[in-house]
Amino acid sequence: MAVNARIGQPVPVILPDPHTLFERRAARLDSLAAGHPMGDWLRFMARLARAQRAAVAAFPAAATVAAAEGEPPLTHEAHRREPWWQAGLSALLEATDDVALPDRARMALGALAAGTATELEALADRCLRGDVRPAESGPAVFVAAALAAYFAHRAAALPIAQIHLLAQRGRCPVCGGVPVAGVVTAAGTATGVRYLQCGLCATAWNHVRAVCTACGESRGLVLHGIEGGSDVVLAETCDECRGYAKVLYQARDMAVEPMADDLASLGLDMLVGEAGYHRHAPNPLVIGG
């Protein structure tokens, strides 16, 4: 991606590179799994991330999408999915399938393989709306992963010059989704700035620090971490809306990856949840959790 920017000036929007995104995420998950109490699950998520890379490889070249003024071009409420996203789902399922998978995961794969195209589209719609039924939470994880690969693939083909920050800065300028986490940078044209990363299409966009990403207030913001734990990932709570979002500090670990580090820090979610805060934006791969 070529961007003209002065030194010290943050690039407003960074589109994803799906050909490297998922492999980098998988490598980070494998690294975080070592010695982690949820190590087996993180290694499974690493396998799923590599399967997302296989899904991207199964997609045809993506055409650009025209956007209405002030509207994200891939907003899932209005964007009409190409039917070939299901080819990516099939590739993802094939790449994930293994006799060593837990029984629940194998049952989910079987249910998806038996589903009709219409049923899969309906489940995809429910994933995007966030109203997955408890009984379908297993299959929904794989569908959500395929959708993330699809939207990252579509986002990467957009002309960056036509993508603009939204008035509602806590929403993704490409798909209107919500951020899975924010990263305070330690590299690039501007350091020490915050970028939010979309949990759906993986687009990153600049957002000022010390401001709640949900309600826009700057009062009552507090950073929380787990005592004795890593200071790479912290939760920024807001006493105005009683919500929180995660912040990753690249200067403390240059390998941070928003989705992976979020999955590996679910203990932090439990900590701030018990303190009475709700998460602004749930991780789309943690369904029913």
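In this predicted model, R279 touches V180, Y244, K246, D262 and D269, leaving aside residues up to four places away in sequence. R279 itself sits in strand β8, which covers residues 278–279. With D262, the link runs from side chain to side chain, as a polar contact of 2.9 Å. With V180, the backbone takes part instead: the backbone oxygen of V180 lies 3.1 Å from a polar atom of the R279 side chain.

A meeting of two helices comes next. Helix α5 (residues 117–129) and helix α6 (residues 137–156) have axes that come within 9 Å and cross at roughly 80°. The two helices are therefore roughly perpendicular to each other. On the α5 side, the residues taking part are L123, A124, C127 and L128, and they meet P139, A140, V143, A144, L147 and F151 of α6. Sorted by class, this contact holds 10 nonpolar residues, with no polar and no charged ones.

A disulfide is a covalent bond between the sulfur atoms of two cysteines. How many disulfides does the structure hold? The count is zero. For C127, the closest cysteine sulfur belongs to C175 and is 14 Å away, too far for a bond. C127 is also buried, with a relative accessible area of 16%. For C215, the closest cysteine sulfur is that of C212, at 3.7 Å. C215 is partly exposed, its relative accessible area being 35%.

Note on methods: Residues are numbered from 1 along each chain as its sequence is written. This is a predicted model: local features need pLDDT of at least 70, side-chain atom pairs count only at pLDDT 80 or more; totals for chains, interfaces and linings use all residues. Side-chain values use heavy atoms; hydrogens and water are left out. A disulfide is a pair of cysteine sulfur atoms within 2.5 Å. Buried means under 20% relative accessible area, exposed over 50%, partly exposed in between (1.4 Å probe, protein chains only). Axes are lines fitted to C-alpha atoms, for helices over the stretch in contact, and angles run from 0 to 180 degrees between N-to-C directions. Helices (H or I, at least four residues) and strands (E, at least two) are DSSP runs, numbered from the N terminus. Angles under 35 degrees count as roughly parallel, over 145 as roughly antiparallel, 65 to 115 as roughly perpendicular and the rest as oblique. Contact means heavy atoms within 4.5 Å. Ala, Val, Leu, Ile, Met, Phe, Trp, Tyr, Cys and Pro count as nonpolar, Asp, Glu, Lys and Arg as charged, and the others, Gly among them, as polar. A polar contact is a pair of N or O atoms within 3.5 Å; within protein, one must be able to donate a hydrogen and the other to accept it, and residues adjacent in sequence count only if both atoms are side-chain atoms.
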